[in-house]
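Student: Could we go through the aromatic contacts and the enclosed space of this model, with the cut-offs stated?

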Amino acid sequence: MELRMTTFPSISISTDRLVLRALEVEDAPALAEMMNDELVGAWTAVPQPYTEAAALAWITEHAPAERASGRGIDLAVTEFLTQRLVGVIQLTKTDWRVRSSEISYIVAPWARGEGYASEAALATAQWLFGDQKFERLELRTAADNTASQQVAQKIGCISEGVLRNACIARTRTEDGTWTDLRTDFIVWGLLPEDLDGVADQLADAGYSAYADWS
């Protein structure tokens, strides 16, 4: 009987500009600062305000538990030259029989506009399909989150449909507090064959095309 691997390995993924690795305790201050950004508050379920203690709990408790259980893996996205934390990539809701997982990404406000989200997401997909032999990657974006949708399109995702009223986003009220806002989810799918030519297109745009992992 074939024994199936049901957890992701400890992994480091490198591109020309980025290194994706496990979250470390030293990342906590930068992680907390990133999670307190207005757009992160609007488009994710991250608690607001987000404390450094919450960041430490994510790094030392949640992320290791996700990997150990086989549900997914959380990766810090860092600049190769400066080692500065620029974002986070998450794989969640992993189905090891179907060889499918759901990807999400967050990029620090100061690092946006550099193509980091596309580069990190593409590198993760290349590793997932190439090294881990997965057959599907799924992404869900809120209907009005155009920046996230542009990343999905850049890495080759295909829009597969709309889940109506399935997403809870947030918006600021006049007194500065957050209130929930119900909207739609757009579902995107990525298969191994969808990556054909995507890396070259990103390279033509000036972004790293190929990833290496160890």
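Tutor: Rings of Phe, Tyr and Trp (its six-membered ring) pair if their centres lie within 6.5 Å; planes under 30 degrees apart count as stacked, over 60 as edge-to-face and the rest as tilted. The model is predicted, so local features need pLDDT of at least 70 and side-chain atom pairs pLDDT 80 or more, while totals for chains, interfaces and linings use all residues. Residues are numbered from 1 along each chain as its sequence is written, and side-chain values use heavy atoms, without hydrogens and water.

Student: How many aromatic pairs does the structure hold?

Tutor: A pair of aromatic rings is described by the distance of the centres and the angle of the planes. By the cut-off on centres, the number of aromatic pairs in the structure is four.

Student: Which class does the pair of Phe8 and Trp127 fall in?

Tutor: Phe8 is in the segment before strand E1 (13-14) and Trp127 in helix H4, 119 residues apart; helices (H or I, at least four residues) and strands (E, at least two) are DSSP runs, numbered from the N terminus. The ring centres are 5.7 Å apart and the planes of Phe8 and Trp127 are at 50°, so the pair is tilted.

Student: Is Trp127 buried or exposed?

Tutor: Buried means under 20% relative accessible area, exposed over 50%, partly exposed in between (1.4 Å probe, protein chains only). The relative accessible area of Trp127 is 0%, so Trp127 is buried.

Student: What is the class of the pair formed by Trp96 and Phe134?

Tutor: Trp96 is in the loop between E4 and E5, and Phe134 is in the loop between H4 and strand E6 (136-142). With centres 5.2 Å apart and 80° between the planes, the pair of Trp96 and Phe134 is edge-to-face.

Student: Which residue lies over the face of Trp110?

Tutor: A charge sits over a ring if NZ of Lys or CZ of Arg is within 6 Å of the ring centre and within 35 degrees of the ring normal. At 3.6 Å from the ring centre of Trp110, the residue is Arg84.

Student: What volume does the largest cavity have?

Tutor: On a 1 Å grid over the protein atoms alone, a cavity is a set of points where a 1.4 Å probe fits but cannot get out; lining residues have an atom within 4 Å of a point. Grid points are joined across faces, edges and corners, and a volume is the space filled by probe spheres set on the points. The lining of the largest cavity includes Val77, Tyr105 and Ala120. The largest cavity has a volume of about 30 Å³.

Technical notes
1 Å grid on protein atoms, 1.4 Å probe; cavity = no way out; pocket = protein on both sides within 12 Å on 5 of 7 lines; lining within 4 Å.
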